[in-house]
Amino acid sequence: MTNQSKDQVEGVPAIESKVADTLSAAYDLLKGSDPIIEDTRRSLWRRLWAENTTREWIQRLEAEPSFCSELHHGIPDDLEVLNAMRASLTRARGHFGTYFILGLLNARIERTNAERYKAQPAWEDNNRQQGFCGLESRKYLPTADRINYSGFVCIGIQNSHAEWLCGSPDKPYQTSAIPKNTACRIAVWCQAEPSAGSFSEDLLIETGLDSDMVFFYVQVDCATLPLPYGRKKLFFHRKVKSESLYFDFFTPKRKGSHAVCIQLFQSQSLVKSATMVIHVL
Amino acid sequence: MQPPKVLFIEEDLASVRFYIKEMQDEKLEVVHIRKADEVLNKLDSAGATVSLIILDSAMPPGKSYESKATESGTQTGQFLFADIRERLPTVPIIILSNFSGLEWIQKASEKPKVKSLNKLATLPSDLIKHIRMMLK
């Protein structure tokens, strides 16, 4: 039994996966109720689930970008499965949604690692302080390519005169629409508390180094709007509101809804993906 | 004697084929429906012969549920569940989903003859065990 489907999500070509085909063939061969067979089958199933589910979600995002906003409900807490999903995503580069899913996975891995790090028993903490560290604990030690931060990433839309179209207290993003055929810009910034009227999503990095100055590289993406390419840098004190980064774009001539994905990086790691749906009228 | 008939409502093909194969190996008759719009027609025409229904939460709403708050299709199953229960109040239902933490699923699984399972944790052989238990 092969795993390929020509029409896994209707109207969107399936993403081929030789890995999934191999895993499927292996799963089919494992028969019997021996505990070792059962364990192996279960392990294969988890990897198959990771492979199939990431492909399904990428296809679904291409068919319906607003699916972004609900995807976090399906992200598991299991570190092994999360890493298997990340590995699967590296084979699906070039698809819209790949980066978004990767951001969700990284955020969940970050949170899970942080919880494990905090749960380490006291004697291990003593050993760490003395420089002795078991291999297992070393996985959860702070990494130099991340800087800790606890706050919110905030997003709004302005016109070319820096007037808010959505994302201010007077024009909250949930109920405001943007005029069509208009020069606009996406404003992205970070601050310690959610911003009134703006799209605000929590941004939590706990497995990095502590520092008063924090940095993120920000880029934007959308399957249906032409947005500028490239990352811009935010560098700010963690207790204050950062400057805003701006990404210029033109709204289309027709009305519609568009899922804009904002991605934040530290060094080369994607630490956060946030998706805001904007409505053009 | 007719084998039990299972209605499998699921859009995804990649994982469902393992479940279907296992059920067929266990001599269960499986009817696979991928679209929400086809479910009610099937129930109206052949609902009386269905022994058990397996339902996913996430699937495109189709025309039948496009006006409902399906949250981009992730909760289409909620409305399907309500319509299925209205037509078949006593048929056992298994909600098999990647979004099993959703509130509507947790509330539904508290009702009689309803069970919620997460796809990641449910191998095809596990599903068979649950089906057999619910058909008793």
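**Figure 1. An aromatic cluster built from residues of chain A and chain B.** In this predicted model, Tyr27(A), Trp45(A), Phe8(B), Phe18(B) and Tyr19(B) form one aromatic cluster. Over all chains the structure holds 17 aromatic pairs. One of these is the edge-to-face pair of Tyr27(A) and Phe18(B), whose centres are 5.4 Å apart and whose planes make an angle of 85°. Because Tyr27(A) lies in helix α1 (residues 18-29) of chain A and Phe18(B) in helix α1 (residues 16-25) of chain B, the pair joins two chains. Tyr27(A) and Phe18(B) are both buried.

**Figure 2. An edge-to-face pair within chain A, formed by Tyr173(A) and Phe199(A).** The ring centres of Tyr173(A) and Phe199(A) lie 5.3 Å apart, with 80° between the planes. The pair links distant parts of the chain, for Tyr173(A) is found in the loop between β2 (164-166) and β3 (183-191) of chain A, whereas Phe199(A) belongs to strand β4 (residues 199-205) of chain A, 26 residues apart. With a relative accessibility of 22%, Tyr173(A) counts as partly exposed, while Phe199(A), at a relative accessible area of 7%, is buried.

**Figure 3. Arginine side chains over aromatic rings in chain A.** Arg185(A) lies over the face of Tyr246(A), at 3.6 Å from the ring centre. A second example is given by Arg231(A), which lies over the face of Phe265(A) at 3.5 Å from the ring centre.

**Figure 4. The interface of chain A and chain B.** In this interface, 35 residues of chain A are in contact with 28 residues of chain B. The area buried between the two chains is about 2600 Å², and carbon and sulfur atoms give 55% of that area. Two salt bridges are found across the interface of chain A and chain B, together with five residue pairs in polar contact, both residues of each pair being at pLDDT 80 or more. On the side of chain A that touches chain B, α1 and α2 (35-63) of chain A each supply at least two residues. The largest share of this side of chain A, twelve residues, comes from α2(A).

**Figure 5. Surroundings of Asn98(B) at the contact with chain A.** Asn98(B) is placed in the loop between β4 (93-97) and α4 (103-108) of chain B. At 7% relative accessibility, and therefore below the limit of 20%, Asn98(B) counts as buried. The side chain of Asn98(B) makes a polar contact of 2.7 Å with the side chain of Trp49(A). Leaving aside residues up to four places away in sequence, Asn98(B) touches Trp49(A), Thr53(A), Glu56(A), His73(A) and Gly74(A) in chain A, as well as Asp56(B), Asn118(B), Lys119(B) and Leu120(B) in chain B.

**Figure 6. Asp77(A) and its salt-bridge partners Arg108(A) and Arg111(A).** Over all chains the count comes to 19 salt bridges. In one of them, the side chains of Arg108(A) and Asp77(A) meet with N and O atoms 3.0 Å apart. Arg108(A) lies in helix α4 (residues 98-118) of chain A and Asp77(A) in the loop between α2 and α3 (79-90) of chain A, so the pair ties together parts that are 31 residues apart in sequence. Arg108(A) counts as buried at 14% relative accessibility, whereas Asp77(A), with a relative accessible area of 49%, is partly exposed. Asp77(A) also forms a salt bridge with Arg111(A), the closest N and O atoms being 3.8 Å apart. This pair, too, links distant parts of the chain, with Asp77(A) in the loop between α2 and α3 and Arg111(A) in helix α4 of chain A, 34 residues apart. Arg111(A) counts as partly exposed, at 39% relative accessibility.

**Figure 7. The salt bridge between Glu110(A) and Arg146(A).** The side chains of Glu110(A) and Arg146(A) meet at an N to O distance of 2.2 Å.

How values were computed
Residues numbered from 1 in each chain as written. Chains lettered and ligands numbered in written order. Predicted model: local features only at pLDDT ≥ 70, side-chain atom pairs only at ≥ 80, totals over all residues. Heavy atoms only, no water. Phe/Tyr/Trp six-rings, centres within 6.5 Å; stacked < 30°, edge-to-face > 60°. Helix = DSSP H or I, 4+ residues; strand = E, 2+ residues; numbered from the N terminus. Buried < 20%, exposed > 50% of the residue type's maximum accessible area, 1.4 Å probe, protein only. Lys NZ or Arg CZ within 6 Å of the ring centre and 35° of its normal. Contact = heavy atoms within 4.5 Å. Buried area = accessible area lost by both parts, 1.4 Å probe. Salt bridge = Lys/Arg side-chain N within 4 Å of Asp/Glu carboxyl O. Polar contact = N/O pair within 3.5 Å; in protein donor to acceptor, adjacent residues only side chain to side chain.
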